[in-house]
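Colleague: I have the model open and would like to go through it with you. Could you start with whatever the database record marks out?

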Amino acid sequence: MTDTHSTGPFIAAIDQGTTSSRCIVFDKDGRIVSVDQKEHEQILPKPGWVEHDAAEIWTNVQEVVSGALEKAGITRSDVKALGITNQRETTLLWDKATGEPVHNALVWQDTRTDALCKELGRNVGQDRFRRETGLPLAAYFAGPKIRWLLDNVEGLRERAERGELLFGTMDSWVIWNLTGGTEGGVHVTDVTNASRTMLMNLQSLQWDAKICESMGVPMSVLPEIRSSSEVYGEAKGELAGVPVASALGDQQAALFGQTCFAPGEAKSTYGTGTFLLLNTGEEAVNSYNGLLTTVGYQIGDQKPVYALEGSIAVTGALVQWMRDQMGLINSAAEIETLASSVEDNGGAYFVPAFSGLFAPYWRSDARGVMAGLTRYVTKAHIARAVLEATAWQTREIVDAMQKDSGVELTSLKVDGGMTSNNLLMQTMSDFLDAPVVRPLVAETTCLGAAYAAGLAVGFWPDTEALRVNWKRAAEWTPRMEAAQRDREYKNWLKAVERTMGWIEEEN
């Protein structure tokens, strides 16, 4: 089609993210028709504490919805369904009667529940609730954040016990407000967001009464758990009558938007850090290699699809560090040019364990290391080692996933800012010995929410139609000799070992 202006009908998706909220309107081909976006304030009361004002966020959501419709030149009658995707784990309590938040939302990055999580581990430790929930006891999940609010904000526990308060992650808050708020708003969450609270049983997909009790969370505050793709209710206000028809946590939404519908299909989002999710099918796979077990998605009354998730702390942040702290490059894009000016890494390896190692090691005593240096090494070799670090860290997570699940990676679909770096993408394919694919529509998170909402209302007939819709922009295939790959991987693992035990426990 040469005509870029598409005629309706359309699907809209709201992405309530960590730093901003946006709304994107998509057409039948899954192409972007319009986008509107608005940032919200990051509230930092103490080191390690991060909060958001949920009332400000709801105002912004309404504004970006209006803005996106206006830019597209359409009205609500052209919008067949609305999907929601959200920053995961961010925790809010609000008053059922007034609709007012009773405290700022505690953001997923907030670490104030560290001590509480240690205490909850009791004599069992990090894995106390892992069998039921797929998650280790860690500050970033929502359950302990609810407990913290109830324990530390005057009067909240009593109000919760009296049934006056509602809890939600941001999907629940947005859906409750969209569907009428105090005037009959629907209080729901989907299986993907519920799986990040530490309160949902992965097998039954219901709140686990025993864990709620251990965690000190009254079940009366919890939303109803629904599938990721079904009509929860109709919008009121600007979008009056439009079905609100999907909810997916952001990383799961990207898995859906990348159409990873078969076991062995995986997506990796490369931002400041990296999130890699592997579809493991209808089986929740327990991890013994430092990954999380999570719900990938559930379409209507079909069986849920599970995923393994691995996170890497430092990927894009390492390129920023090269630019801002080291001054070795002037722009992020320049690293590719510099790294391409040499054939290889000159023997240098860079392990960016700036705040310890995440998956699959979880070692907080590790710190960054550059290894294998000789006088031969130039800044171009270091630039290359920096890119290789992201690729090797991805390889380690993929290996852990294969060990846990027995599922072979068929291909890796990538999105996020770093995917514009072609050298990195080729290196990734070489190190993984698998194809790496970048889609045409880079906004995979919003696209996933739109796809799930469209499925719920029959806008798209089935996931097969979505696969056909998904277009690749580029694909890289492995060009590296197996012997060389194995040799370099061995060196990388040696370098990783050198990072450990740098910080000594102080008594």
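This is a predicted model: local features need pLDDT of at least 70, side-chain atom pairs count only at pLDDT 80 or more; totals for chains, interfaces and linings use all residues.

Colleague: What does UniProt list for residues 11–257?

Modeller: An unreviewed UniProt entry lists those residues as "domain: Carbohydrate kinase FGGY N-terminal".

Colleague: Changing topic, how many cavities of 30 Å³ or more does a search of the whole structure find?

Modeller: The search finds two of them, and the largest cavity holds about 120 Å³ of space.

Colleague: Which residues are closest to the centre of the largest cavity?

Modeller: The lining has 17 residues, and of these Ile 312, Leu 357, Phe 358, Ala 359 and Gln 393 are the closest to the centre. By class, the lining of this largest cavity is made up of 14 nonpolar, two polar and one charged residues.

Colleague: And which helices each supply at least two residues of that lining?

Modeller: Those are α12, which covers 379–405, and α16, which covers 482–499. The largest share comes from α12, which gives three residues to the lining of the largest cavity.

Colleague: What about the second largest cavity, how much space lies in it?

Modeller: About 40 Å³ of space lies there. The residues lining this second largest cavity are Tyr 140, Gly 290, Leu 291, Leu 292, Glu 309, Gly 310, Ser 311, Ala 359 and Trp 362.

Colleague: Now to helix packing, at what angle do α2 and α4 pack?

Modeller: Helix α2, residues 114–121, packs against helix α4, residues 142–152, at an angle of about 110°, and their axes are 10 Å apart.

Colleague: Why do you give both an angle and a distance?

Modeller: Two packed helices are described by the angle between their axes together with the distance between those axes.

Colleague: So how are α2 and α4 oriented, roughly parallel or roughly perpendicular?

Modeller: They are roughly perpendicular to each other, because angles of 65 to 115 degrees count that way.

Colleague: Which residues meet in that contact?

Modeller: On the α2 side they are Leu 116, Cys 117, Glu 119 and Leu 120, and these meet Pro 144, Arg 147 and Trp 148 in α4. By class, this contact of α2 with α4 has five nonpolar, no polar and two charged residues.

Definitions and conventions:
Residues are numbered from 1 along each chain as its sequence is written. Side-chain values use heavy atoms; hydrogens and water are left out. On a 1 Å grid over the protein atoms alone, a cavity is a set of points where a 1.4 Å probe fits but cannot get out, and a pocket is an open set with protein on both sides within 12 Å along at least five of seven lines; lining residues have an atom within 4 Å of a point. Grid points are joined across faces, edges and corners, and a volume is the space filled by probe spheres set on the points. Helices (H or I, at least four residues) and strands (E, at least two) are DSSP runs, numbered from the N terminus. Ala, Val, Leu, Ile, Met, Phe, Trp, Tyr, Cys and Pro count as nonpolar, Asp, Glu, Lys and Arg as charged, and the others, Gly among them, as polar. Axes are lines fitted to C-alpha atoms, for helices over the stretch in contact, and angles run from 0 to 180 degrees between N-to-C directions. Angles under 35 degrees count as roughly parallel, over 145 as roughly antiparallel, 65 to 115 as roughly perpendicular and the rest as oblique. Contact means heavy atoms within 4.5 Å. UniProt positions are given in the numbering used here, feature names are shortened, and annotations may be inferred rather than shown by experiment.
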